Amino acid sequence: MDCLYAKCIPIITSMAELEKLGTKYRIALRIARDERWERLQCSHKGVYADDCLVDRVQKHKIYIVATNDRDLKRRIRKIPGVPIMSVAKGKYVIERLPDAPEK
């Protein structure tokens, strides 16, 4: 998949929370179960998926976080250099890249 003129590899995290959300999110769960996506194992036990994602992108700022979760977007925006992808009105939206720290 090409995104922002670079090769991107979609990665799925744990689906446990998605399974608990019920039938409203069945399409998202079906997409997440697709075998074509690479799986990212979480070493955090007993931690919400949002906390795991925030921790991972703080350590390794090499990810574009794709979510429609309002609270997760708010938390990710506080991390400089991590863009957010979402779907709005049937279109993919990538928010501007937050100011990355100077090296």
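**Reading the sheet and the pocket**

A: Let's start with a helix on a sheet: α4, residues 70–77, lies across β5 and β6 and runs at about 150° to β6. Keep in mind that this is a predicted model.

Q: What kind of unit do β5, α4 and β6 make?

A: A right-handed β-α-β unit. The two strands, β5 and β6, pair in the parallel sense, over 2 bridges. To find the pairing on screen, look for alanine 66, which stands opposite methionine 85 in β6.

Q: How do strands of a sheet pair in general?

A: They pair through backbone hydrogen bonds, and the pairing is either parallel or antiparallel. In this model, an open sheet of 3 strands has mixed pairing, with the order β5-β6-β7. Its edge strands are β5 and β7, each of which pairs on one side only.

Q: In which sense do β6 and β7 pair, and over how many bridges?

A: That pair is antiparallel, over 4 bridges. Two places to check: serine 86 stands opposite valine 93 in β7, and valine 87 has tyrosine 92 of β7 as its bridge partner.

Q: How many residues sit between the strands in the hairpin of β6 and β7?

A: There are 2 residues between them, and lysine 89 in this hairpin takes a positive phi near 55°.

Q: Now the largest pocket. How much space lies in it, and which residues lie nearest its centre?

A: The space comes to about 1800 Å³. Of the 41 residues that line this pocket, Ile11, Ile12, Val65, Ala66 and Thr67 lie nearest the centre.

Q: Which element gives the largest share of the lining?

A: Helix α3, with 5 residues.

Key. Residues are numbered from 1 along each chain as its sequence is written. This is a predicted model: local features need pLDDT of at least 70, side-chain atom pairs count only at pLDDT 80 or more; totals for chains, interfaces and linings use all residues. Side-chain values use heavy atoms; hydrogens and water are left out. On a 1 Å grid over the protein atoms alone, a cavity is a set of points where a 1.4 Å probe fits but cannot get out, and a pocket is an open set with protein on both sides within 12 Å along at least five of seven lines; lining residues have an atom within 4 Å of a point. Grid points are joined across faces, edges and corners, and a volume is the space filled by probe spheres set on the points. Two strands pair if DSSP finds at least two bridges between them. Contact means heavy atoms within 4.5 Å. Axes are lines fitted to C-alpha atoms, for helices over the stretch in contact, and angles run from 0 to 180 degrees between N-to-C directions. A crossover is right-handed if, with the strands pointing away from the viewer, the path from the first strand over the helix to the second runs clockwise.
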